[in-house]
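Open the model in your viewer and keep the selection tool at hand.

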Amino acid sequence: MINNKEINNSLVKAYNHMAATYDKNRDAFDMTGVLNDFYESLEIKKGSLLDAGCGAGEPFADWFIKKGWQVTGVDLSDKMLNLAKDYVPQMKRICAPMQEVDFEDNSFEAITAIYSLFHLSPDDQKNILKKFFKWLKGKGSLLFTYATKEYTHHDTFSGYTEFMGEKLYYSHRTPDELENELTDIGFVIESFKYRDIGNETFLWVTVLKR
Ligand SMILES: C[S@@+](CC[C@H](N)C(=O)[O-])C[C@H]1O[C@@H](n2cnc3c(N)ncnc32)[C@H](O)[C@@H]1O
């Protein structure tokens with residue numbers, strides 16, 4: 001039985017515990033290709049970005065701010081957000097689980113959830129994807145990292161696995177189920193691309209709100 005409160009409490013504890021180490025090791029995950037491809041695919045290249053699970057604000061929030069965007073970062077770890085305060089002071093910081101925040105419809109030109117959405121339970125993922133759709137403006141894009149069997153060794157998964165010495169909750173469905181879920185919500189699929197970054201293979205998904 002999934003207990004969302006328990007999942008979030010364990011994630012706060014784990015990410016608070018590893019905040020400094022995670023941040024020191026973040027450069028091992030080269031995001032240049034991801035950032036360039038996402039930016040290239042954007043139909044609107046200026047505006048407001050929501051970074052859901054922003055961590056220390058690097059490299060995504062920082063990269064977009066340097067390009068003149070306004071960035072709101074949501075993260076449930078106060079220690080990660082403290083790092084972000086130093087690295088990306090211009091980012092608006094909200095310390096909360098992304099499931100609990102709300103924004104007006106049509107608020108953002110782009111939304112990113114980098115290495116974060118897979119920490120939500122399957123139902124919460126479905127709900128937040130619906131919210132992302134509402135919060136995006138027309139022609140806005142969403143980019144997120146999705147776990148698959150290449151990472152968990154299971155076709156579908158909901159459970160705890162180890163990362164940097166911490167037990168973290170992950171969940172995912174199959175890529176086909178995800179694709180159906182996204183198109184049912186109304187998203188147009190731009191790309192489903194497996195990338196091996198820092199010896200970890202994840203599915204990188206870009207979708208568009210027409
Ligand atoms: C692997 S880190 C990635 C951080 C950042 N996106 C990056 O690329 O460096 C995952 C982040 O997601 C945050 N997170 C996990 N579950 C979350 C949730 N339900 N709501 C908000 N933040 C969450 C964690 O606190 C952590 O900072």
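Which are the buried residues of helix 5? Select Q125, I128, L129, F132 and W135: these are the buried residues of helix 5. Buried here means that 20 or more other C-beta atoms lie within 10 Å of the residue's own, exposed means 12 or fewer, and partly exposed is in between, with C-beta atoms placed from the backbone. The five lie on the same side of helix 5 because they cover an arc of only 125° around the axis, the arc being that of the directions from the helix axis to the C-beta atoms.

Before moving on, two notes for the whole tour. Residues are numbered from 1 along each chain as its sequence is written. The model is predicted, so local features need pLDDT of at least 70 and side-chain atom pairs count only at pLDDT 80 or more, while totals for chains, interfaces and linings use all residues.

**Around helix 5**

Now select the whole of helix 5, residues 122-135. Its 14 residues reach 20 Å from first C-alpha to last, close to the 20 Å expected at 1.5 Å a residue; the expected span is 1.5 Å times one less than the number of residues. Helices (H or I, at least four residues) and strands (E, at least two) are DSSP runs, numbered from the N terminus.

Next, show what covers the buried residues of helix 5: the cover includes strand 1 (48-52), strand 4 (108-113), strand 5 (136-146), strand 7 (166-172) and helix 7 (175-185). Contact means that the C-beta atoms of two residues, placed from the backbone, lie within 7 Å.

**The ligand**

Centre the view on the ligand. Of the 20 residues around the ligand, Y15, G53, G55, S77 and S116 come nearest; a residue is near if its C-beta atom, placed from the backbone, lies within 6 Å. Helix 1 (4-25) and strand 2 (70-75) each supply at least two residues of this shell, and helix 1 gives the most, with three. Colour the shell by type and you get 11 nonpolar, seven polar and two charged residues. Here Ala, Val, Leu, Ile, Met, Phe, Trp, Tyr, Cys and Pro count as nonpolar, Asp, Glu, Lys and Arg as charged, and the others, Gly among them, as polar.

**Backbone stops**

Go to the loop between strand 1 and helix 3 (60-66), where you will find P59. The peptide bond from E58 to P59 is cis, with omega near -5°.

In the loop between strand 4 and helix 5, pick Y115. Phi of Y115 is near 55°, positive in a residue other than glycine. Y115 is partly exposed, with 17 other C-beta atoms within 10 Å.

H153, in the loop between helix 6 (149-152) and strand 6 (157-163), also is not a glycine and has a positive phi of about 70°. H153 is exposed, with 9 other C-beta atoms within 10 Å.

Then select F157 in strand 6. Leaving out residues up to four places away in sequence, F157 touches A147, T152, Y170, S171 and H172.

**Zooming out**

Finally, show the protein chain, with its seven helices and nine strands. Its C-alpha atoms fill a box of roughly 40 × 40 × 30 Å along the principal axes. Of the 210 residues, 37% count as buried. Among contacts between residues at least 6 apart in sequence, 65% join residues at least 24 apart.
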